[in-house]
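Let's explore a protein chain together, one question at a time. Have a look at it first.

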Amino acid sequence: MADIGSTIDCSTLDTGRPLALVTGGGSGIGLAIVEDLARDREVIALGRSEAKLRALVGRPHIHPVAVDLCDGVALARLTAPLARLDVLVHCAAISAWSSLETSSLPAWRETFETNVYAPAELTRLLLPALRTAKGQVVFISSGAAVKAVPGHIVYSASKFALRGVADALRIEEVGAGIRVATVAPGPTETPMNRATRTARTGSAAREEGRYSDPESHAAAVRLVVDMSPDSQVTEVVVRPRLL
């Protein structure tokens, strides 16, 4: 069984290719982004699940690393070797359905720690490397950050907050040449959404045209990172065809 490291071995990176780092890279939208970016970049794929990351071991230009994004010490150790980073994509997130009445303080804390605090801290640690490369940061948000979703209040609030981080960071780092974008997916066919659909309806069946595929969002990230140097894409909203 392949071992998954908890640090980045820079000696394994092809320095002739731009470097990208993607959180939530083991499945769903994150995995699709990793696979797409690896066509022309070295990609560090971060994830919590070693089982999911093992499927990436040995694949060209993909470097899986297991890390708890809410562990600040682990993040500092992970990012320390990186002197340059061209693309940073924040895709890791957690989601649970609840109203304000049925929510709890621990759920609020856990969701904001994962969906807001962790990407903010990881970006902070990587600012020197991003400035060196005049890099691109992409926050994978949600349609729930464009229009609040009742019954999904904790997740919606966290994604609204993440959009605020992105918009403020864009202004703060404009002089350093860092570009910042938000990509907001609508309902997407991912393991997390299948589980949610099953829990809410009793069936994992997918209604055609009402869910995007993860590759659609990878294409949106590709649009952002391939923008010509004189411009930047600041926000992309992706919806299933029938929504």
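Helices (H or I, at least four residues) and strands (E, at least two) are DSSP runs, numbered from the N terminus. This is a predicted model, where local features need pLDDT of at least 70, side-chain atom pairs count only at pLDDT 80 or more, and totals for chains, interfaces and linings use all residues. Residues are numbered from 1 along each chain as its sequence is written, and side-chain values use heavy atoms, leaving out hydrogens and water.

Q: What share of the residues of the protein chain count as buried?
A: Buried means under 20% relative accessible area, while exposed means over 50% and partly exposed lies in between (1.4 Å probe, protein chains only). Among the 243 residues of the protein chain, the buried share is 48%.

Q: Which residue in strand 5 stands opposite Val89?
A: Two strands pair if DSSP finds at least two bridges between them. Strand 4 pairs with strand 5 (residues 136-140) in the parallel sense, over 4 bridges. Opposite Val89 in this pairing stands Val138.

Q: Which residue in strand 4 does Leu21 stand opposite?
A: Strand 1 (residues 19-22) and strand 4 run parallel, joined by 3 bridges. Leu21 stands opposite Leu88.
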